[in-house]
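Subject: A structure for you to look at

Hi,

Here is the structure I promised to hand over to you. Have a look at it first, and then read on for what was found in it.

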Amino acid sequence: MSIETTTLHGATVIMIPPRFDANNAPGIESELKGILTGKPGKVIFDFTNTDYIASAGLRVILSITRDLMKGGARVALVELRPTVLKVFEMAGFTSIFLICVSREDAIRKMG
């Protein structure tokens, strides 16, 4: 698996795959750790293509975000489809993450 990344106004944008579950979470986590070794100041997780996230995916996003924030980075999640947003809501994660409607919205809110 290869995670697609781009840069937007100094932020690292990471495309989350269509399914993020126990089958691919370890590989995604490993890739994300490799991508984020450069300690970016801003990271946007883009869920545009994501139809399904399981608890294993939530754990990876939470763990990576925690590590990034310890290093002083700002993190946002964008383009969550209603089904994916519902999983974040049920887990109580909407109060933990900055959730934005678009990349541009995230850039504005992260400053």
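In what order do the five strands of the open sheet stand? The order is E1-E2-E4-E6-E7, and the pairing is mixed. Before we go on, please note that this is a predicted model, in which local features need pLDDT of at least 70 and side-chain atom pairs count only at pLDDT 80 or more, while totals for chains, interfaces and linings use all residues. Residues are numbered from 1 along each chain as its sequence is written, and side-chain values use heavy atoms, with hydrogens and water left out.

Helices (H or I, at least four residues) and strands (E, at least two) are DSSP runs, numbered from the N terminus. Two strands pair if DSSP finds at least two bridges between them.

(Axes are lines fitted to C-alpha atoms, for helices over the stretch in contact, and angles run from 0 to 180 degrees between N-to-C directions.)

Strands E1 (residues 5–8) and E2 (residues 11–15) run antiparallel and are joined by four bridges; Thr7 has Thr12 in E2 as its bridge partner. Their hairpin has two residues between the strands, and His9 there takes a positive phi near 50 degrees. By contrast, E4 (residues 42–46) and E6 (residues 74–78) run parallel, with five bridges joining them. Here Ile44 is partnered by Ala76 of E6.

Next, the helices. H2 lies across E4 and E6 and runs at about 165 degrees to E4; contact means heavy atoms within 4.5 Å. H4 (residues 103–110) also packs on the sheet, where it touches E1, E2, E4, E6 and E7.

H1 (residues 25–35) packs with H2 (residues 55–70) at an angle of about 15 degrees, their axes 9 Å apart. The two helices are therefore roughly parallel to each other (angles under 35 degrees count as roughly parallel, over 145 as roughly antiparallel, 65 to 115 as roughly perpendicular and the rest as oblique). Residues making the contact include Leu32 of H1 and Val60 of H2.

Enjoy exploring!
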